[in-house]
Each structure stands twice: as structure tokens, then as C-alpha cells.
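Please keep the model open as you read this note. Each point takes up one part of it.

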Amino acid sequence: MIRREIGRTGRQVNAIGLGCMGMSVAYGEPMDKTEAVKLLHAALERGVDHFDTAELYGFGANEELLGEAFHDRRDQAFIATKFGPVGNLATRTVTGVDGSEANMRRAIEQSLRLLKTDHVDLYYLHRKDPALPIEETVGAMAKLVAEGKIGAIGLSEVNAETLRRAQAVHPIAAVQWEYSIFTRDIEREVLPHCWETGVSVVAYSPLGRGMLTGAFSREVRPQGQDYRAVVSPRFQGDAYGANIALVDEIERLAKARGATPSQIALAWVLATKPNVVVIPGTTKLANLEGNLKAAELQLTPAETASLDGLADKVQGTRYDERGMTLVDA
Ligand code: ATR
């Protein structure tokens, strides 16, 4: 197990946490509630203590699972949640981002109620509100720290300039970005800045939304209402085949090391910088147990180098056009 501090909070977590979104939304049918709670308990028993959720993930449904799982063992879990995106609950669509203090106060009270706790350990702005200066939102979040409702402030998918401006208002403990062998945009500016200023990078979709696990092929691809089939350009059209072909290199290396492609993908992210933690998502205990073993896998410089060039060859953006306007903001 590798333990890493979140920001300069003094709180250490397992470098391999759990991204909980997929238990409720995005990748097919939501998990059965009892099964989900069992999986969360099993994760905790195996040393996973960093659990990542958001208001957006099922508009409360995902937070409710965590509340059910951890209310009677709250001190063992480091719980991170997020606010910002707002939408229509009936149609489950996101209509915009609201980073105002009023929306934040509504959201945190709802999160605390669903999570069955009096505080969250890390509270993120999920996406920057294009209509509000970041100083205003972070100023409001700082009040929640002072009130003891949140332990630390995080920002998701912000650029280095936004991060600098936020840090002038209040310390930022963590920045969450998509980061994987296939998605390395964070390395341009945000990762070095986080490293220099003691901010943790929480890497989401470190398995490329499942693409890097070897579970998909030209023949076996996400189907039906699966988010990837519907709106994820990397999983669509000609891009899909081209991207799946790039996974061959990861599978080759996995075979040579007696590891799984998922373990290679997670070990690659963990080796980038010591301030990086990963939150792979899974609905299956066997996958969770396999992913945890990535902590024991050290890639050689030659192995890392063989994977370093893949991101430049990936086709298709990581979100659709609308989603891309809200990232790196
Ligand atoms: P996200 O952050 O969006 O959850 P991710 O962590 O990059 O994305 O990938 C999550 C996907 O990888 C899920 O579809 C998950 O499927 P399961 O629920 O079936 O596990 C898949 N996944 C995670 N770990 C895996 C593993 N060890 N082997 C195969 N698939 C895995």
C-alpha cells in the first residue's frame, strides 16, 4: 500500500482510492443498493479509504450510498464530494454550472444530509462557473472550512491560472483532473504547479473510462445507454478502433510483467509524481482487488517510456463539445 498526503492537510490516504460515480450512473444500470454498500465496506476492509462522489452523480443517489455505507464508521473514510453543476432532476440533464454561495450552501446541506455526516473531508467545485470569478466561489468555500463543514477545498478541471487565483484566496488541497496514459493534458501546466505548491492531484478516469483495462475490443464495446456509447467521442466511430489498437501496447507490457492492463495503467499514473493519487471506478470486488495490487508494481524507465507516446496518438476528445467547454477552465 502507498499512502499519500492530501495537500498539506496532514491527512494521508491510500494512493489508490475509489471513484464511486459508476455505481450510480454513466456506465449502464446503477448497482443494487445493498450490493453497492457491501462493495464500499469491502473496499474499506482492504485499505481503501478515499472515496470520491459528487452531487451530480445521480443527483444525490451516489452520495446516499456512501452515507449508508459509512455513517457508522465515518472516521475510517476520507469522503470527497463536489458541487457546481445544476440540472433538471426529472430529466437527469445538466443545464449549467452555478458556483454561487447560495447554490453552494444548498448543495453542502444536501450532501451532508445524504452522506449522514456533519462534515466532508474534501469539497470540490466540480466545474468552474463561467459567469463567476473563481475568487468569489473559493471565498464562499473558505467560509465552509471556517464553519467546520468541510475539511479542505478542491477544484476540478481548472487551469493553472484559475488555480493560482484561487490559491490567493485560500489554500487548495487538491485538484481533480482526468489523468491516464491516454490523457496527459494536465502535465503541461497544472501538474508542475501543483507539485511546486503542495497541491494533490486526484487522477480520475485513470483507466480511460475502462478503455485501458483490456475489457473492450473491436467486437466488445460499450452498448445501449452506456454514457461512453452515447456521448464519449473516444468510444465512437473510427476513433474507437484506432484507440483500442493503442491498448495493444499496454496489454503486451501487462503480459510481460504478469500483470493486468489495469494495473499497468494505474502504476503508470502513480509513478508520475508523488503528489498524485488515483481514483479508479469499479462495481466489482475482483476488479477492485486487482487494481489495489498496482501499488506493488514498479515500471522500469524503459517500460514507462514505451507508454509515454500513446496519448499523442489517441483520437477524439475526452468529452463532447459541450463538456469540453467546461474543462481546463
Ligand atoms: P471513471 O473514473 O469514470 O470511473 P475509470 O476509473 O477510468 O473511469 O474506469 C472505470 C471503468 O473501468 C468501469 O467501466 C469499470 O468497470 P467495472 O465496474 O466492470 O469494474 C472498469 N474497470 C475498473 N477496474 C477494472 C479492472 N480491473 N478490469 C476491468 N475493468 C475495470
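1. Start with the origin of the coordinates. This is a predicted model. Read every value below as computed from that prediction.

2. **Overall build.** The chain contains 13 helices and 12 strands. Along the principal axes, its C-alpha atoms fill a box of roughly 50 × 45 × 40 Å. The radius of gyration is 19 Å. A compact globule of 329 residues would come near 20 Å, so the two values agree.

3. How many of the 329 residues count as buried? The share is 55%. The accessible surface of the chain comes to about 13600 Å². Carbon and sulfur atoms account for 51% of that surface.

4. **Contacts across the sequence.** Take the contacts between residues at least 6 apart in sequence. Of these, 73% join residues at least 24 apart.

5. **Polar atoms at the ligand.** A polar backbone atom of S205 is 3.0 Å from an oxygen atom of the ligand. For G208, a backbone N or O atom lies 3.2 Å from a ligand oxygen. S262 uses a polar side-chain atom instead, and that atom is 3.4 Å from a nitrogen atom of the ligand. On its own, the ligand has 640 Å² of accessible area, and the protein covers 86% of this.

6. **Helix α11.** This helix spans residues 285-292. Its buried residues are L288, G290, N291 and L292. What covers them? The cover includes strands β2 (12-14) and β3 (18-19), together with helices α2 (33-45) and α10 (261-270). G290 and H193 are 97 residues apart in sequence, and their C-alpha atoms are 32 Å apart in space.

7. **Two positive phi values.** Most residues other than glycine have a negative phi. Two residues in this chain deserve a check on that score. K116 has a phi near 55 degrees. It sits in the loop between α4 (101-115) and β8 (122-125). E157 has a phi near 60 degrees. Its place is the loop between β9 (153-156) and α6 (160-167). Are these residues buried or exposed? K116 counts as partly exposed because its relative accessibility is 44%. E157 counts as buried because its value is 1%.

8. **S111 in helix α4.** S111 is found in α4. Its relative accessible area is 0%, so S111 is buried. Which residues does S111 touch, leaving aside its neighbours within four places in sequence? They are E63 and T81. With E63 there is also a polar contact: the side chains of S111 and E63 are joined at 2.7 Å.

9. **L191 in helix α7.** L191 belongs to α7, residues 190-197. It counts as buried because its relative accessibility is 6%. Leave aside its neighbours within four places in sequence, and L191 is in contact with Y179, I186, V201, K273, N275 and V276. V175 lies 16 residues away from L191 in sequence, and the C-alpha atoms of the pair are 9.1 Å apart.

10. **D72 in a loop.** D72 is found between α3 (61-70) and β5 (78-83). Which side chain makes a polar contact with that of D72? It is R73, at 3.0 Å. Now compare sequence and space for another pair. D72 and I150 are 78 residues apart along the chain, and 19 Å separates their C-alpha atoms.

How values were computed. Residues are numbered from 1 along each chain as its sequence is written. This is a predicted model: local features need pLDDT of at least 70, side-chain atom pairs count only at pLDDT 80 or more; totals for chains, interfaces and linings use all residues. Side-chain values use heavy atoms; hydrogens and water are left out. A polar contact is a pair of N or O atoms within 3.5 Å; within protein, one must be able to donate a hydrogen and the other to accept it, and residues adjacent in sequence count only if both atoms are side-chain atoms. Accessible areas come from the Shrake-Rupley method with a 1.4 Å probe; for residues, only the protein chains shown count as cover. Helices (H or I, at least four residues) and strands (E, at least two) are DSSP runs, numbered from the N terminus. Buried means under 20% relative accessible area, exposed over 50%, partly exposed in between (1.4 Å probe, protein chains only). The radius of gyration is taken over C-alpha atoms; the globule rule is 2.2 Å times the number of residues to the power 0.38. Contact means heavy atoms within 4.5 Å.
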